[in-house]
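User: I have a structure open here and would like to go through it step by step. Could you help me with that?
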Number of protein chains: 2
Amino acid sequence: MIEREPADLLALAQGGSRTALARLLTYVESESPRHRTTASLVYAKPAPYVVGITGPPGAGKSTLTDRLITTALSHGSFDGDGAFDQVGILCVDPSSPFTGGAILGDRIRMQDHATDEHVFIRSMATRGHLGGLSLAVPDALRVLGAANFTLALVETVGVGQMEVDIASAADTTVVVTNPGWGDAMQANKAGLLEVADIFVINKADRTGVRETRRDLEQMLDLGGTHDWRPVIIETVASDGVGTEELWSAISDHRRFFAGARREARVRQRTRANFDQVLAATLRAQIGAVSAGQAYDAQIAQLLADQTDPYRAADTLLSES
Amino acid sequence: MIEREPADLLALAQGGSRTALARLLTYVESESPRHRTTASLVYAKPAPYVVGITGPPGAGKSTLTDRLITTALSHGSFDGDGAFDQVGILCVDPSSPFTGGAILGDRIRMQDHATDEHVFIRSMATRGHLGGLSLAVPDALRVLGAANFTLALVETVGVGQMEVDIASAADTTVVVTNPGWGDAMQANKAGLLEVADIFVINKADRTGVRETRRDLEQMLDLGGTHDWRPVIIETVASDGVGTEELWSAISDHRRFFAGARREARVRQRTRANFDQVLAATLRAQIGAVSAGQAYDAQIAQLLADQTDPYRAADTLLSES
């Protein structure tokens, strides 16, 4: 494919071209100048409503996401409000070295939707990009928004700090557990409590649902400082059980968080994202500065005891 | 004590005042403007020759350091060259919350020297200071140099990356092991090989010395890319056994590393320290920038979709 300018690609993507959309997402994942051009282009557009889905590997997130796509499209709106006729899905695997347009192994279950014109699925994994996925994901969501997507799902694998950070950039965050509630979740309890708007106990046809629900409720009793108390939904995603209830809970949360509450959340998210961009920009500046003659000159002065490192840093940074 | 200017304190410290010296070290540990003034003041002065002593807790580093002070002072020079009549000791414990002039619990063994006018002992621990100990220690060593110390020992507890970083800022780095060579050392083999100029097998009256020596030799056979092959010395620090050999090995290493080799090492260390100061300065800039009106203005523009975070970061950083 010939390298096209982001503005041309965006026009094509808005007209329905998935190839153009995929190319724009490749730009935001890269460190090329096109990343900046694309970001500038899409930030003036409205962002989609973002549902984050996170949980440990094997919890059934992909199957659940798969079912949720069908449910969402069958409704075509959140409880009569906020219509959409397509869904964008970002599958984020911070531990995977693969990236680009390729659909990951366990995404095969979403193959039903892979050729569906109402569905756009994209896998993202760590590569290049300063600041990594936590910077690329918000930009990718803006690209989806600019391409007229009003609903996006972000599925992240794992429950580490990074996954939780990514998921918590969503408007509604769904944490997927299983009966038995594994060690990985337990270890990250505080972080999950912080971000979860909805808990799903998937594979609820297995034993231990009642204990898991009781554990979750106890956790919520102890940790409840938010005005929204997370809902607990039981699902058997493989049979499509519970996905209507899940969609309904997502709609409830969206309605609850409208207005001032959502504004506060967006403000917080904007600040967090901006601080990350600032840090990445400064890191890039260190890299650029360290490669220059002015840096070498300061090192020479330091070696000759003609300056101290603090003065040298000030001099170098004020010059650059 | 009345707050005095660093220049006045330095004059007093050069005249032998331990109180003034201790106060200067408090300044370099702090984030106050006096830190910068002090750093500027001392960087034009010659640095002391620095011997780093590191190893896991319980290896007997304090006892060994204690013996080494006595041995060094009894020689009064490195093998006839580089005379000194006092020794400065920095005891660094990155895991301890205590700091300041206080002598830590396991420093009590050095009490013999605590009132010795030829010895100055200072404990340093993590607190405040941007970039922490890895920035404060080089500054503290410069202060010692400015106060006419030509020999300094830096003892660090533990074998983590930070401890190794601090120790490797020394001219000669001594890694203390015991017969049995614990897991902590094993796990950090590569890092230790990188920095060790001398290995000490302390408590060499216990069983397992031969095996530990063989393990170390094998490690050195595999990892030997430097022109100096680390020496292995056996000591029983509690009985004073082997400290003469250790001092002799330190002198040998100092002589070996004179001239061009030392210059290369000093250059590398200067760059590493400068990069850390640069990073800390930039972090401080983020902090300062995030607190200002210009930052708030960019956030407002971001919330109104009037800019993108990359452009906002560039604008903010070019203004500040």
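User: What share of chain A is buried?
Analyst: This is a predicted model. In chain A, 44% of the 320 residues are buried.

User: And how many helices and strands does chain A have?
Analyst: Chain A contains 14 helices and nine strands.

User: What share of the contacts in chain A join residues at least 24 apart?
Analyst: Counting contacts between residues at least 6 apart in sequence, 73% join residues at least 24 apart.

User: Turning to the pair, what rotation superposes chain A on chain B?
Analyst: Chain A is superposed on chain B by a rotation of 179 degrees, with 0.1 Å of shift along its axis and an RMSD of 0.2 Å. The two copies are therefore related as by a two-fold rotation axis.

User: Which C-alpha of chain A is nearest the axis?
Analyst: That of Leu282(A), which lies 3.4 Å from the axis.

User: Let us look at H13 in chain B. Which of its residues are buried?
Analyst: Tyr295(B), Gln298(B) and Leu302(B) are buried in helix H13 of chain B, which covers residues 293-303. Seen down the axis of H13(B), the buried residues fall within an arc of 60 degrees, so they line one face of the helix.

User: Why would residues three or four places apart point the same way?
Analyst: An α-helix has 3.6 residues a turn, so residues at that spacing point the same way.

User: What do the buried residues of H13(B) pack against?
Analyst: They pack against H12 of chain A, together with helix H12 (260-290) and helix H14 (309-319) of chain B.

User: Which residues are exposed on the other side of H13(B)?
Analyst: Gln293(B) and Asp296(B) are exposed there.

User: Which residue just after H13(B) takes a positive phi?
Analyst: Asp305(B) does, with a phi of about 55 degrees.

How values were computed. Residues numbered from 1 in each chain as written. Chains lettered and ligands numbered in written order. Predicted model: local features only at pLDDT ≥ 70, side-chain atom pairs only at ≥ 80, totals over all residues. Least-squares fit on C-alpha atoms with pLDDT ≥ 70 in both. Helix = DSSP H or I, 4+ residues; strand = E, 2+ residues; numbered from the N terminus. Buried ≥ 20, exposed ≤ 12 C-beta atoms within 10 Å, placed from the backbone. Contact = placed C-beta atoms within 7 Å. Arc of directions from axis to C-beta.
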